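Let us walk through a protein model together, one step at a time. Take a look at the sequence and the 3D view, and then read on.

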Amino acid sequence: MTVLTMGGTIGCFLGTFAAANIWTALLMLATWGFLWGLLRGLSEIAAPASALSVVIFLCALGQPDPSLAVAFHRSLLLLIGCGMSLSLAMVLWPFRPYAPA
């Protein structure tokens, strides 16, 4: 969950910032997808986080107004939301490794 939080926040910022130019967006999308694809190959645990991080990047590319202030605002909102879900998961669910929640 922490990997998704950090990767999604950075992906949201980069995707929003790259949406101004189509060639920058394509280059950054290829690089972002390649790097997360490598991480997906390293660990089975990182597979969902890598796929979701690329999806967050793509969603940020499709949003209008690619300015620096909007990129920071969207990234901050995503970081706050992921932090809230992470804290709820740690507080409300009992600690049972390798068991369903």
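The structure holds 4 aromatic pairs; rings of Phe, Tyr and Trp (for Trp, its six-membered ring) pair if their centres lie within 6.5 Å, and planes under 30 degrees apart count as stacked, over 60 as edge-to-face and the rest as tilted. Take F13 and F17: their ring centres are 6.0 Å apart and their planes meet at 5 degrees, so this pair is stacked. Both residues sit in helix α1, 4 residues apart, which is about one turn of the helix. Together with F72, F13 and F17 form one aromatic cluster. F13 is partly exposed at 22% relative accessible area, and F17 is partly exposed at 44%. Here buried means under 20% relative accessible area, exposed means over 50%, and partly exposed is in between (1.4 Å probe, protein chains only).

A word on how to read all this. The model is predicted, and local features need pLDDT of at least 70, side-chain atom pairs count only at pLDDT 80 or more, while totals for chains, interfaces and linings use all residues. Residues are numbered from 1 along each chain as its sequence is written, and side-chain values use heavy atoms, with hydrogens and water left out.

Now step back to the whole protein. It has 4 helices and 0 strands, in the order α-α-α-α from the N terminus. Helices (H or I, at least four residues) and strands (E, at least two) are DSSP runs, numbered from the N terminus. The C-alpha atoms fill a box of roughly 45 × 30 × 15 Å along the principal axes. Of the 101 residues, 27% are buried. Among contacts with a separation of 6 or more, 71% are between residues 24 or more positions apart; a contact means heavy atoms within 4.5 Å.

Which helices do the buried residues of α3 pack against? They pack against α1 (2-18), α2 (22-42) and α4. Helix α3 itself covers residues 47-61, and its 15 residues reach 22 Å from first C-alpha to last, close to the 21 Å expected at 1.5 Å a residue. That expected span is 1.5 Å times one less than the number of residues. The buried residues of α3 include A47, V54, F57 and S53. S53 counts as buried because its relative accessibility is 0%. Leaving aside residues up to four places away in sequence, S53 touches L4, G7, G8, W32 and W36.

Q63 is partly exposed, at 41% relative accessibility, and touches A19 and R74, not counting residues up to four places away in sequence. Q63 and F95 are 32 residues apart in sequence and 38 Å apart in space, C-alpha to C-alpha. D65 is in the loop between α3 and α4 too. Most residues other than glycine have a negative phi. D65 has a positive phi of about 65 degrees although it is not a glycine.

M6, L76, L79, I80 and M84 make a nonpolar patch of about 460 Å². Patches are made of residues with over 30% relative accessible area and no salt bridge, with like charges joined within 9 Å and nonpolar side chains (Val, Leu, Ile, Met, Phe, Trp, Tyr) within 5 Å. A salt bridge is a side-chain nitrogen of Lys or Arg within 4 Å of a carboxyl oxygen of Asp or Glu. Accessible areas come from the Shrake-Rupley method with a 1.4 Å probe, and for residues only the protein chains shown count as cover. Helix α4 (residues 68-92) gives the most to this patch, with 4 residues.
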